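Could you walk me through this protein as if I were new to structures?

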Amino acid sequence: KIRKIEKIPYKVYLYNLTTETVNLFDNKILVKNSGGLGTPAFERLVPGMIHRANGGVLFCYAPNTELLMQNGQPIEIKYRWSMYSKSNSGIEDISTHNLMILSQSEEGKILPAKCSKISKVKAPNTLIKIRSYSNEEITITKNHPIEIFRDGKIQFVLASQLTKDDLLIKVVNLSKVGKKS
């Protein structure tokens, strides 16, 4: 369950990944990935590119976002950027690096997904910080969809539409990798 939702001022960069799947885990919380190759065309402007809307980035992650690697170990997205990039911002092709992160398939299985691009862009002035009662925390753009349980069903809502009554979907047991979650 959500303990706290707050708008915070923000002045640095955000990161995004292009992956084989639509969903990934941001600090163990399931979020929609705009860079997923399975993302419908109407939800992204150019595959693998950062989307812009309302003067800000649409679906991006703060530098301290921990992605779950294929082996279940967390790693900050800014660290991955520094490993692969030679510039301060833009888009880097990382398809030859065989970077695999844990994601959720459309069938609900937790599976490794290959990352093909990583991007870094200037952030909007305000982000949404969400903290769960179990102390998972994510900082994302207001238009970033998060998978929750609300009104008796699992659904995606924008970060700006979350309430403290929503239940976050998160990874609890990595022994379920490859099985329906």
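The protein chain has 1 helix and 16 strands; helices (H or I, at least four residues) and strands (E, at least two) are DSSP runs, numbered from the N terminus. This is a predicted model, where local features need pLDDT of at least 70 and side-chain atom pairs count only at pLDDT 80 or more, while totals for chains, interfaces and linings use all residues. Residues are numbered from 1 along each chain as its sequence is written, and side-chain values use heavy atoms, with hydrogens and water left out.

The chain averages 75, and 78% of the residues score at least 70. Strand β1 (residues 2–9) has the highest confidence, at a mean of 93, while strand β6 (residues 56–57) has the lowest, at 32. Over residues 35–58 the pLDDT is below 50, though this stretch still has 57 contacts in the model beyond near neighbours in sequence; contact means heavy atoms within 4.5 Å. Where pLDDT is low, the predicted coordinates should not be read in detail.

Now for the inside. In soluble globular proteins, nonpolar side chains tend to be buried together. Here, the largest nonpolar core has 28 residues, and L17, I130 and I146 have the most contacts inside it. A nonpolar core is a set of buried Ala, Val, Leu, Ile, Met, Phe, Trp, Tyr and Cys residues joined through side-chain atoms within 4.5 Å. The elements giving two or more residues to this core include β2 (13–19), β4 (29–32) and β11 (110–122), but α1 gives the most, with 3 residues. There's also a second, separate core of 7 residues, with I8, L14, A62 and L127 among them.

Let's zoom in on L162, which lies in the loop between β15 (153–158) and β16 (167–168). L162 counts as buried because its relative accessibility is 9%. Leaving aside neighbours within four places in sequence, L162 is in contact with residues including I2, I130 and I146. L162 and I5 are 157 residues apart in sequence, yet 7.8 Å apart in space, C-alpha to C-alpha. Across the chain, residues 24 or more positions apart account for 61% of the contacts with a separation of 6 or more.

Conventions. Buried < 20%, exposed > 50% of the residue type's maximum accessible area, 1.4 Å probe, protein only. pLDDT = per-residue confidence, 0-100.
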